[in-house]
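Hello,

Here is the structure I promised to pass on to you. Have a look at it first, and then read my notes below.

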Amino acid sequence: MVALNWLSEQIPEKSSPIDERIASMANFLLPEIDSLPTEAIRDVNLFVVDVVRKGEPVQPKLFDLLPKLLVTSVDREVIEVEIEGKFQILSGVEYMDYIIDKLVSCKWHPSYAVGIASAFNEMECNSKQLKRVTEKLLRQLAVLELNELPPLAYQLFLLSRKGEKQLIITKICSHFQDAEEQYIPTPTKRANKQAVDFNRVEGTIIVHMCFAIKQDQDLGSEFLKYIKRNKIRALTPFTLACMLSMARIHRFEDTVLELLKSTIMSVYKDAEKLEQYPWFKDAEQLGLYKVPIKDMMNTVIDKTTSGWDQVTQSLVQLAVLLLDSSVSLSPFKKTSGRTSSGNLSPTEEAARLAINILARTFKLHDIVRHEIMNHILSRIVTRANSVSYFLDLLDLLGKECPNILMESDNMSKIRETLDYLSYLPLGSAKRLMSSLNPIIQRNNRLKEALMLILRKGLFAKATEGRQIAVHGFLLLVHSIHANPTTTSGTSSVSSTDSSILEILGLLRRCFSQQPEVRLLVYENLSKISIEHPELASDILAMLQLQFKKYFVVDQSFDNPLQLDKCVEQSSSGGSVHIVEPIHSLVQALLKTMVAMRSSHQGTTSSDIASLQGHIDSLCFRLCKADPEDFELDKSSNYDMVTNVGMRNNCRAQLLLSTYEACMEHLIQTYSDENAESIAKLFNKFKILHGILKEKSTNERGRKSALSMAESSILTLPGITMISNILFAGDSGPTVLRSNTDFVKYILTVTHHKLSKLTSQEDLDVSTYQHLASLAHLYMAEVVAKVGDKDDQTVGENPSKASTELSLSIECLVLLPQLIHNLYPTKMVHFLVNLLQAAQASQMSSDVDGEILVKHLIMVLQSYSSHDPEKSGYVTAESTWIEGFCVDRAIEDQGVAKSALSLLMAFSEQQGQFQNIVHIGNDINAIAGDIDNDSDTQATQQQPTHFMIVNNNTFQITTSSLFAFLEHEYEGIEWILNRLRLAGDIVQDGTNPTSHAQDFEQIVCERIKVYIDIQIKLASTYLLGATAENFVKTLAKCYKALLGLIRLKLGTPWQLSPEFCQVVKIQVSQLTDNMYKFLTLYGQRFEELEERSRVNHKGKMKASTNLKEKAKIIRESKLVPNLIYVVEQFEGNLIKLSKKSKVNLMQNMKRSTARDFRIRVDCLPVPSSDEEEVTVKRAASVGPVEGRSPTADTTSDSEDERLSTSKRRRKAL
């Protein structure tokens, strides 16, 4: 005991080595324990326990004796112990339990934890003892200092080999999740030394954990189970770092990376759903919330510089995996460029996260730069599906860290990649050169190497290679002009000028190449002349010389262009093709001339006057010349099968585009005289387009579907100017404003151009101004059109082409989408200006105009960011749009669809569903009830609440309502399934039951409203496609209810009154009405089938019945799918009734047996003798039931019910 006392009193100092005397004393005492008597062993054990209970610092070597003492105690048969003043005889195992109980029941000094954990690692103990010791050790995590955590965690990981792996993992992860909050730096709290120390402690523990997993792979499996079980609740920077470190173990590499990828995708999918359904925010307390996965990854990356460097390689692997898996693996899906949208899909969000990870890692760690560059350049050269994402990454690196890319190792790889430039796809090559532009501007050697590659590419065999070279030279022109050579003096200016003139000379050679190359050069030369006016004179001279080759100077000829020179047949005898895109040449020449005039540089006034004369002559003669002057009248051949037809088609297309080029020029130089010329040119354009549409056929001899919009060459500035002329106030020219065809043509082209703009990557600086201007113009036009009740276009027959109002609304709705996608930072400014324009426009219009304007404004507001004052706008504007739908009998289907869809959406957002119920009632009033006679329905149609719901808009109203209900049911089904999987575990320790009950009440209220609408629709006389869509909606409804039942199966003792009410309405009303509807639906289906068979009897059925057969097959699957979901719902409802001891089936009626159906009309008429025999047999067998057993809690077993369901579906 003296030795033990001396050993316990040798308290070590911090960071001091162990004294040799202490180690020698401990080593001396260990062998002596075996020879001690039982009483001595008891006394030594009690001495150690008393030392621990004192809670004072002791020598850790004292705990090295504990394993030997306890093991020796177990070997003794009996040990006498004084417990509460009485001596008791305990066995060795019981005595060990007694000592462990005394150890874990007292308060420990923080210095005891590591020593005791080490002691229990060296001894055997049962599961109960291990659990008690482990829980005590885990509680010490909260009281230890930072530098003492890694040794304890290491001992705990070693202790996990004996058991309690899940407990150790859970508590360690939870501890660091709570501790991170006080150490993570925020914008208001900078990182201090303690935070850096904490990062290093975490990094050390992660290393210890990975080492333990290498020794015991079951520990790694248990950690992955913990992540999978807790899903998003387990995601923290610490757990992410643990998983990334595990990925470096070959055994877990693929598993961990796939788990991380699926988890990230799940996070973004959940975020998308939560964004789509704002009322899901009430489920945040139940564990459904947006996980800031990007912030977590940024935290992990930042910590790699202070102790977490072991996760760097795995971060790169994960990011590359995300990028490669973010594209379709199908070889038939074409990858396209993407825009920086504010509403990205989950796949796009995951790709953006991966790009962010690689970019930040590239800037922080030079050890992975070589690997990241290899990934980028290899994907580019091999034309991988994910090349667009890697080009985004390269573009980001070029903007943020060009100096790092200019390091010698990276530059050598970039030069190697540029050697393959001519063999890359055009889109990839353009983006590669654009991404490398910041480096090209800084590195003259790379610029010279690129010039050499582009020279060779300009004369490549493939057309795409030449186009790449043209794009490269155009990029160099912008680059050289924006960043001239830094050499001082006049030599710098001359060097820059010579470089640009050299490039222009090379582009001049492209005027004799393929038409695709010429088209590209013409379009971009005009842009260069506008952006760099000092180059306009040289460009104008080049274009003018080329234009004179095809222009007829002699004005005695009505035909000003030699179109025959622009079209020729292949030298090998192939098809006719265009060799000179004369329309693009004319357009480029006109734009360059306008730019030249505005700059007043270079060219003399005589040259400008001469060119202006040619242009005036061109426009005048095109207005005067008829299609016959170009040999393109109705008698010409336009058959694409023949050589002459192909030639005439090419010439006609060139002439149509030239008309548009001249119209745009006259628009840009607008005057009253030009208005007449524009009208004449459009008249010629319309005549020729009509001839081509009527006479042109494709290679198979069928009519060609020609569209004015798709082939239009009008630009966005030109469209903005002509729209301003047409729609800005009352000052527009009558000759153009009164031309309905011209107005529709401009609106159609505008909508098409705006639709294409969503996927365009290179936007001009002035694009936003053009979009904003168009939005103001169309807002005023919509107000004027809707406010004018005498305007018949609003009530135009829906079967005709789109009206001016519909086209204006479509353009107006598309514009905020473009602003939101292309200029998200300017969205608020755009909306404010548009609101002001709407208020200014409605002052001179009818009140109804204001209502529709406000309806459109709500569409715009739905694209804005989350505004805290948005609810106020929604309430006011919902009232306006409701009044519009009540008062106006709109027959235009486009307007009706927009108005009703918006009314339902905002009613749902406010939680006021009365308007949606009114729409369902109006549908029933128009279509009639299934119980009424058809003649009565035709003569006694009930009035509707909304006048916008009428016979002309009935189809669009029903489809809009069904789409809304399906969308809502999908959201309800998703949230209920997620709650069922997640359970009611919350993080903040609040009462989960109350939150679950509150959210359940919200869900039940919504479902009850939707069921009431479904009940009304189920009693409505619906036909054709409308009935099919309703059956699909019913299936969605029962799926949502099935999700609710399955959720309640987890807590069958908590059935709220709202839930019971939903079940009662469902089983007593909706199911009954559904079967009545299906009966009538089946009868109509048989009548149509029989009528079709009679109508086509004796005719060619192979071609005429294909659509009807497809319809029969489609309809034959609808009802079985619905019945299957209904039976699943009823089966789970029976289970819930049994578990909850509540009879939820009391209101359910007998289900119709669907095993088979006897067609009585097909049976032969029996004779009298046969009737007597049948009656006798029936009397001997007994009554035959045509109904299935009642579906209540006393029904047959579930297995019999499921087998019956299978027979029913098979019969159907």
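Predicted model: local features only at pLDDT ≥ 70, side-chain atom pairs only at ≥ 80, totals over all residues.

Residues are numbered from 1 along each chain as its sequence is written, and side-chain values use heavy atoms, with hydrogens and water left out.

Leaving aside residues up to four places away in sequence, Arg229 touches Gln166 and Thr170; contact means heavy atoms within 4.5 Å. Leu981 is 752 residues from Arg229 in sequence, yet their C-alpha atoms are 9.5 Å apart in space.

Now for the whole protein. There are 51 helices and 4 strands, and of the 1212 residues, 50% count as buried. Among contacts between residues at least 6 apart in sequence, 76% join residues at least 24 apart.

Next, the nonpolar core, meaning a set of buried Ala, Val, Leu, Ile, Met, Phe, Trp, Tyr and Cys residues joined through side-chain atoms within 4.5 Å. The largest one has 344 residues, and Phe223, Ile376, Leu421 and Ile948 have the most contacts inside it. In soluble globular proteins, nonpolar side chains tend to be buried together. Not counting residues up to four places away in sequence, the residues that Ile948 touches include Phe884, Ile890 and Leu900.

The axes of helix 12 (residues 237-246) and helix 13 (residues 253-276) come within 8 Å and cross at roughly 145 degrees; axes are lines fitted to C-alpha atoms over the stretch in contact, with angles from 0 to 180 degrees between N-to-C directions. Which residues in helix 12 meet helix 13? Leu240, Met243, Leu244 and Met246 do, and they meet Val256, Leu259 and Leu260 in helix 13. By class, this contact has 7 nonpolar, no polar and no charged residues, where Ala, Val, Leu, Ile, Met, Phe, Trp, Tyr, Cys and Pro count as nonpolar, Asp, Glu, Lys and Arg as charged, and the others, Gly among them, as polar.

Happy exploring!

Methods: Helix = DSSP H or I, 4+ residues; strand = E, 2+ residues; numbered from the N terminus. Buried < 20%, exposed > 50% of the residue type's maximum accessible area, 1.4 Å probe, protein only.
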